[in-house]
2 protein chains.
Amino acid sequence: MFSKACEYGIRASIYIASQSLEGTRVSLKEIAEKIDSPVAFTAKVLQQLSKNKIIESVKGSSGGFEISKNNILRIKLSQIVYAIDGNNVYEGCGLGLKRCNAKEPCPVHNRFVEIRAELKNMLESTTLYDMTMGLEQGLTYLRR
Amino acid sequence: MFSKACEYGIRASIYIASQSLEGTRVSLKEIAEKIDSPVAFTAKVLQQLSKNKIIESVKGSSGGFEISKNNILRIKLSQIVYAIDGNNVYEGCGLGLKRCNAKEPCPVHNRFVEIRAELKNMLESTTLYDMTMGLEQGLTYLRR
DNA sequence: ATTAAATCGGACAAAATTGTCCTAGTTTAT
DNA sequence: ATAAACTAGGACAATTTTGTCCGATTTAAT
Ligand code: FES
Ligand code: FES
């Protein structure tokens with residue numbers, strides 16, 4: 001579904017958001033630990049999210065990553081996915097033809113677009129805030 | 001969504017099915033050409049489909065691949081996907097946790113399982129026959 | 001100023017996936 | 001029998017994705 005990089009990016013964003021809501025900035029090391037991801041690889045993903053204004057990075061001692069309350073409320077899951085995996089989720093053909101194209105559809109196109117529309121809808125209607133909710137109450141997990 | 005191998009496998013199966021309905025067995029070379037896939041790589045995929053009884057292979061001169069009418073009607077898209085990509089479509093967690101697990105859900109679990117259920121339902125209700133329908137009439141394409 | 005704790009970014013390495021090549025074996029036709 | 005047209009399968013190569021390492025830079029605290 002998503003690339004590993006994207007999965008880490010989403011998990012990291014959720015963790016940063018949850019901590020930012022508590023008013024604490026978090027370090028790369030802590031993030032990687034809490035979401036159970038390789039440190040250096042996660043660093044790359046965070047850089048990308050930072051460039052795309054999904055998260056904010058603060059350099060220097062006592063630096064780290066954070067997300068403003070406003071952004072936590074505004075940023076959609078779709079934006080995180082787009083920042084890392086681009087739009088292949090939306091444009092890709094289910095059977096691997098160059099691009100999904102309704103004018104020259106593959107044999108699963110009609111069935112496929114329906115599901116993708118629902119996925120798209122889900123991604124675009126789920127905010128970072130929505131995803132942090134269960135966390136504090138221990139209802140959801142970022143690692144196991 | 002699916003691996004390249006799986007995409008080729010599905011396209012190949014559809015092509016073989018469409019030709020089998022016309023009563024003609026097709027060679028690897030022809031398949032690769034018609035679905036625009038690398039020949040040798042496609043051969044591996046076909047071997048796997050053959051081992052999983054999705055398609056039948058006939059060795060020797062005038063050999064090739066075919067699918068019985070009965071199987072064209074019975075084989076579901078889900079079986080093809082399973083034969084090549086296994087069950088990670090069903091068991092995988094959207095955020096990459098070891099396994100999707102409702103008891104210890106990730107933050108997108110509830111939203112994710114809905115979409116996956118629809119995907120599953122689609123895969124399990126679409127037969128090879130369904131997918132061959134548009135082909136002959138030039139309504140759908142296996143290559144572009 | 002110095003040091004320590006961070007991110008940044010480039011180069012590199014490992015692993016997985018995708019793709020190629022070649023030989024062996026099988027079957028049909030001549 | 002021999003040749004031709006196939007598939008089977010192992011070994012190998014290229015590419016992409018995933019992951020690591022290390023030096024440079026930034027910032028805060030001492
Ligand atoms: S053309 Fe294949 S999914 Fe749209
Ligand atoms: S636990 Fe993540 S999708 Fe079910």
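**Helix packing and the chain contact**

Analyst: The crossing of α3(B) and α5(B) is right-handed (near helix turned clockwise from the far one by less than a right angle). This is a predicted model: local features need pLDDT of at least 70 and side-chain atom pairs 80 or more, while totals for chains, interfaces and linings use all residues. Residues count from 1 along each chain, chains are lettered from A and ligands numbered from 1 as written, and side-chain values use heavy atoms, without hydrogens or water.

User: What angle do α3 and α5 of chain B pack at?

Analyst: About 115°, for α3 (residues 39-51) and α5 (residues 77-85) of chain B, with 10 Å between their axes (lines fitted to C-alpha atoms over the stretch in contact; angles run from 0 to 180 degrees between N-to-C directions). Therefore α3(B) and α5(B) are roughly perpendicular (65 to 115 degrees).

User: And which residues of α3(B) and α5(B) meet?

Analyst: From α3(B), Val45(B), Gln48(B) and Leu49(B); from α5(B), Ile80(B), Ala83(B) and Ile84(B). Contact means heavy atoms within 4.5 Å. In that contact five residues are nonpolar, one is polar and none is charged (Ala, Val, Leu, Ile, Met, Phe, Trp, Tyr, Cys and Pro are nonpolar, Asp, Glu, Lys and Arg charged, the others, Gly among them, polar).

User: Now chain A. How do α3(A) and α5(A) pack?

Analyst: Helix α3 (residues 39-51) and helix α5 (residues 77-85) of chain A pack at about 115°, and their axes are 10 Å apart. The crossing of α3(A) and α5(A) is right-handed. Val45(A), Gln48(A) and Leu49(A) of α3(A) touch Ile80(A), Ala83(A) and Ile84(A) of α5(A). Five of these residues are nonpolar, one is polar and none is charged.

User: What about α1(A) and α8(A)?

Analyst: Helix α1 (residues 4-21) and helix α8 (residues 128-136) of chain A pack at about 70°, their axes 9 Å apart. That makes α1(A) roughly perpendicular to α8(A). Residues of α1(A) in the contact include Ile10(A), Ile14(A) and Leu21(A), and among those of α8(A) are Leu128(A), Met131(A) and Leu135(A). By class, this contact has eight nonpolar, three polar and one charged residues.

User: Nice. What's the overall make-up of chain A?

Analyst: Chain A comes to eight helices and two strands (DSSP runs: H or I over at least four residues, E over at least two, numbered from the N terminus). Along the sequence the pattern is α-α-α-β-β-α-α-α-α-α. The C-alpha atoms of chain A fill a box of roughly 55 × 30 × 30 Å along the principal axes.

User: Switching topic: what area is buried between chain B and chain A?

Analyst: About 3300 Å², with carbon and sulfur atoms giving 64% (accessible area, 1.4 Å probe, lost by two parts on being put together, summed over both). The contact takes 38 residues from chain B and 38 residues from chain A.

User: How many salt bridges cross the interface of chain B and chain A?

Analyst: The rule finds one (side-chain nitrogen of Lys or Arg within 4 Å of a carboxyl oxygen of Asp or Glu). Asp130(B) pairs with Arg111(A), the closest N and O atoms lying 4.0 Å apart.

User: And how many does the structure hold over all chains?

Analyst: There are 10 salt bridges over all chains. Inside chain A, Asp36(A) and Arg143(A) form a salt bridge at 3.9 Å, N to O. That pair links distant parts of the chain, 107 residues apart: Asp36(A) sits in the loop between α2 (28-35) and α3, and Arg143(A) in the segment after α8.

Conventions: Parallel < 35°, antiparallel > 145°, perpendicular 65-115°, else oblique.
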